[in-house]
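Colleague: I am new to this structure and would like to learn how to read a few of its features. Please give the general idea each time, then the case at hand.

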Amino acid sequence: MRYLTTCLLGTALAAAVFTPALGQEKNVTIVLSEELDVVEPCMASRSNIGRVVLQNISETLTELDTGGGGLKPRLAASWEAIDGDTWRFKLQPGVKFTDGSEFDAEDVVYSLNRTISDKITCEIGAKYFGGMKLTTNVVDATTLEITSEPPQPILPLLMSTLTIVPTGTDPNAFVKTPIGTGPYIFSEWNAGQNIILTRNDNYWGKKPEVEKANYIFRTDMAVAAAMVAAGEADIVPSIAVQDATNPKTDFSYPNSETFFMRIDAQVAPLNDRRIREALNLAIDRAAFKGTILSKDVIEATQIVPPSTIGWNGDLKVWPFDLAKAKALVAEAKAAGVPVDKEIKIIGRTNNFPNGTEALEAMLAMLKETGLNVSLTMYEVKEWEDFYSQPYAEDRPAQLIQVQHDNAKGDPVFTAYFKYHTKGLQSVLKDPKVDNLIETATGAIGDERAKLWKEMFRVVYEDIIADIPMFHMVGYTRVSERLNFTPTIAANSELQLSQISFK
Amino acid sequence: MSQPQVRDDAPLPAERNAVAQVMAMLYRDKFALVAAFVLLVIVLCALVGPELVGDIAAKQNLRGRNAPPFSFSQGWSFILGADALGRPILPRIIVAARNTMLIAGASVAFAMFVGASLGLIAGYTSKITSQIIMRLADVIMSFPSLLLAVIVLYMLESSIFNLVLVLAITRIPIYLRTTRAEVLEIRERMFVQAARVMGASDKRIVLRHILPVVLPTLVTIATLDFAYIMLAESSLSFLGIGIQPPEVTWGLMVAQGRPYLANAWWLALFPGLAIVITTMSLTLLSGWMRTALDPVQRWRLEAGSKANG
Amino acid sequence: MMSFIGNRSLASAVSLIGLIILVFFLSRMTGDPTSLYLPLDASLESRENFRRLHGLNDPLLVQFGRYVLDLLRFDFGDSVRKARPALDVVLAAFPWTLMLAAIAMLLVTVSAIVIGSLAAFKVGGFFDRLSSILSLIGASAPDFWIAIVAIFFFSVSLGWLPTSGTGTVWHWILPISVLFIRPFGLILQVVRGSMIAALSSAYVKTARAKGVKDRAIIFVHALRNAMLPVITVIGDQAAGMLNGAVVVETIFGFPGVGKLMIDSILQRDFSVVLASIMITATAIFVMNLLIDLAYAALDPRIRM
């Protein structure tokens, strides 16, 4: 077996082997938290797969500018709306895939069809291209028109998720060696151990500094952090806040996740607005900052980050007012609401670092109101059964822990699923909210932003559908020999071209 | 040569009463004495701990989280530091003793009882029954405990009883197989042959003659199993079976301390220490009991004897 | 003896079949992998498509029939998560666990037997007490604690060993040491207990009276008779290690079967779960057969 040969070799070079000469070459070692199951580009919307594949191997037509500048061109040099439901994209000329073939509009059509095909299940297709019918028109090798039904004002944004593969890529199965137009080539994959990317010297864009990237996998964050400290690795994209002890190597970044509790507004006593308000007032949010959670987390009023279009800045964070919460509970009790009925907090293990502690703290705070609250932690599948439709008819009153990620800059990826009557993770049945969501989805420009803001206001002030907690922050550890600053997209991608050496 | 005169009617020295004898033997083995004392303290904690210090143990203080140990600035209860939510660790360890002892004790007792019974049957009865029992044990050994836990959770509700059930089932094979192995050997021994010749029933032979010889080994395994279960139980709690916050066991405290090993080592160390100390005490005490109950070995603990005769 | 092996193999095959049926039906009661594989905001069509592609809509018995037919061609199905044949996934992971477990158990067996026997020889003496206490601490301490402390001490602070990974011989030292500690503690105590009983038996007294040297008494006369429970426990611990050296694999990044099993169970990747269970079950059945043969070899009086 391979590792036996490596063992023998290693014994001979024992002294030098585990202190690698990282400083000499332009290589980086990156520690990911989980092994990649597959390396298929149409699965790149999944965190760890995206960190290796997205924009390193496979590129997209457009790219979201995380500095707040909207959409940047990538494989598409420019785009414009032709009429209400059609967009025309002008593609970059002279781009080649790493297998030598030319990149043209046919490849975009092929990638799109493959991603929504029913012969394989692509996460990108499932997540972003469901519920719409797209027709393509290849005008010439570098011009492509896409028509959508119903009209998609955010089609260019959707194209920032679609990874482009060469025409002819296996339509019936996932690829084992992804081929793309990006600055890196997929060189090696030792299942369970590491993945190696090497620089593509024929890349159409600016040549990046990193020559070789070695991705390894360690589930334990403390060990991964220790590897950087010991000089065995360079970057750990995600470490816990308590491991981020070295200001020279550890950086925090807003990671587009929002932590909130979904209130099951259909079941007593949570179906009474006073109780929902009391729950929000009973939480001392400030106590979490700098203790259980990073001091950089931001109190939330909505479940999308502030950089999203339509984020309503007028909504005020719930104050901590235990007395008022108790009064509201008493008032509800007097009105006949069954306040003694058990309210179950449904937690999810390993949701985020210190997640269980956060829930325990919330449990203690909510108990102070006199409500009968309990906490149970569940593994992912069970939690998912509680969180998604169909819901059990005779279910108990539940507060469900959720961490929701929306880095795409538009609430459309959140609102339908979480608040529409037919949304898979929604417990609301409010026609006003449904109407707002539907009209906002088809609107453009300022009108769109205005409608989304109103929707969030209704959900937050009129209905009180959730207990919004925080916009979360992640921590990255970067070796001192590198220059790399994580952005809000760091959860889903790690562009090697953004790394430079000191 | 003259023989000393031994008269048949000379009075024998008076026997000390049983309790005094036990105490004397315990005193001979200092380690076992300390172990017995420690276990007494732990049992006391389990019996009255939650009532006495339950409130102190549950009080959260987010700003005082991960407070380091060995400082009296906040009172005696913080002598071992505070956990990730600011709760004092020493009272929490005391309160957790009850759940821990209950779950671990019940699981080990159940597994040992069922495992030993099946092992006795498998070692002593016909080939076919024996084969069926042993293959059943093989199947249980191959069934992952996590899968069993997830299945139990889906089919039955989440309760302490189901937690004990899952833990016990996964440990049955070791008691079963060890018992059977010893029975296979013991039943060929002379005293068993003698009992059989004298007409003793199978049941009498197994329970009265064979079981006492097997028991010491089982107890040795059980005391170390105790530690294993205390730690294994916490991983099941993460699935939603068994102990949920704010209830706590030592195993859960240890698991919760895992992310903080690098900067707040006391969170996992002290409950872990509680587990280690309990295990050591149980082992030392059971070793002492093994010697005390074995007529062949008892001389080591009796007054006037030197080690190794 | 051949008929014994033949009978046992037949019985084991029957139990293997029973295990497969049990696991197949019970595990599928815990839900299907669709909602775990696809993101929460995946469209309904894609979920339906996924179910259709993986045959999850068919009635359970039909799925079972298909599974059995594939099994006869040694096709364990495809991993839903990894889009590769389940057997390949398991066979890629198994050698790591096997190597770790085999080396660790070998070291445990040799050292526990030697030290346990010496401890039993002078019961209550300094060596006995010390070895007992040290081994008990190791056996009851949490394994992740030992692993992480060892990493921080030997790798980060002292720099003697690598933190984790599988590259060279040096990478194996810490994981095997951590795996070694708990079974060592348990087996040491079992050996010690059995040896104390064996050393005070009549035949040992006879041997001593005949003037046989101490070393021969321990290792030739007493040990053979004390070994029955010892090898049973060794077998049990080895089986336990095959099923779950999870903590070590997780912390040190060894892509073994323990971690694979846990992930597959939580992700409801049934084909991998079944393939994995079958491989480890076969290994366990074979091991138990060898242990039974060992009983007969060690003690000629035994008949089974």
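Colleague: Which pattern does chain C follow, read along the sequence?

Modeller: First the ground rules: this is a predicted model, where local features need pLDDT of at least 70, side-chain atom pairs count only at pLDDT 80 or more, and totals for chains, interfaces and linings use all residues. Residues are numbered from 1 along each chain as its sequence is written, chains are lettered from A and ligands numbered from 1 in the order in which they are written, and side-chain values use heavy atoms, with hydrogens and water left out. Helices (H or I, at least four residues) and strands (E, at least two) are DSSP runs, numbered from the N terminus. Chain C reads α-α-α-α-α-α-α-α-α-α-α-α-α, that is, 13 helices and zero strands. Its C-alpha trace spans about 85 × 60 × 30 Å along the principal axes.

Colleague: How many residues does chain C have, and what share of them is buried?

Modeller: Buried means under 20% relative accessible area, exposed over 50%, and partly exposed in between (1.4 Å probe, protein chains only). Of the 304 residues in chain C, 59% are buried.

Colleague: How many disulfides are there over all chains?

Modeller: A disulfide is a pair of cysteine sulfur atoms within 2.5 Å. By that rule there is one over all chains, joining Cys42(A) to Cys122(A) with an S to S distance of 2.0 Å. The two cysteines are 80 residues apart and link distant parts of the chain: Cys42(A) sits in the loop between strand E1 (27–32) and helix H3 (47–53), Cys122(A) in the loop between helix H4 (105–116) and helix H5 (123–128) of chain A.

Colleague: Why is this disulfide called left-handed?

Modeller: Because the torsion about the S-S bond of Cys42(A) and Cys122(A) is about -75°. Cys42(A) counts as buried at 4% relative accessibility, and Cys122(A) does at 3%.

Colleague: Is helix H7 (residues 221–229) of chain A largely enclosed or largely open, and why?

Modeller: Seven of its nine residues are buried, so helix H7 of chain A is largely enclosed by the rest of the structure. Among the buried residues are Val223(A) and Met227(A).

Colleague: What do the buried residues of H7(A) pack against?

Modeller: Packing is read from contacts, meaning heavy atoms within 4.5 Å. The partners include strand E10 (212–217) of chain A and, from chain C, helix H7 (143–157) and helix H11 (246–252).

Colleague: What follows H7(A)?

Modeller: Gly231(A) follows H7(A), and its phi is positive, near 80°.
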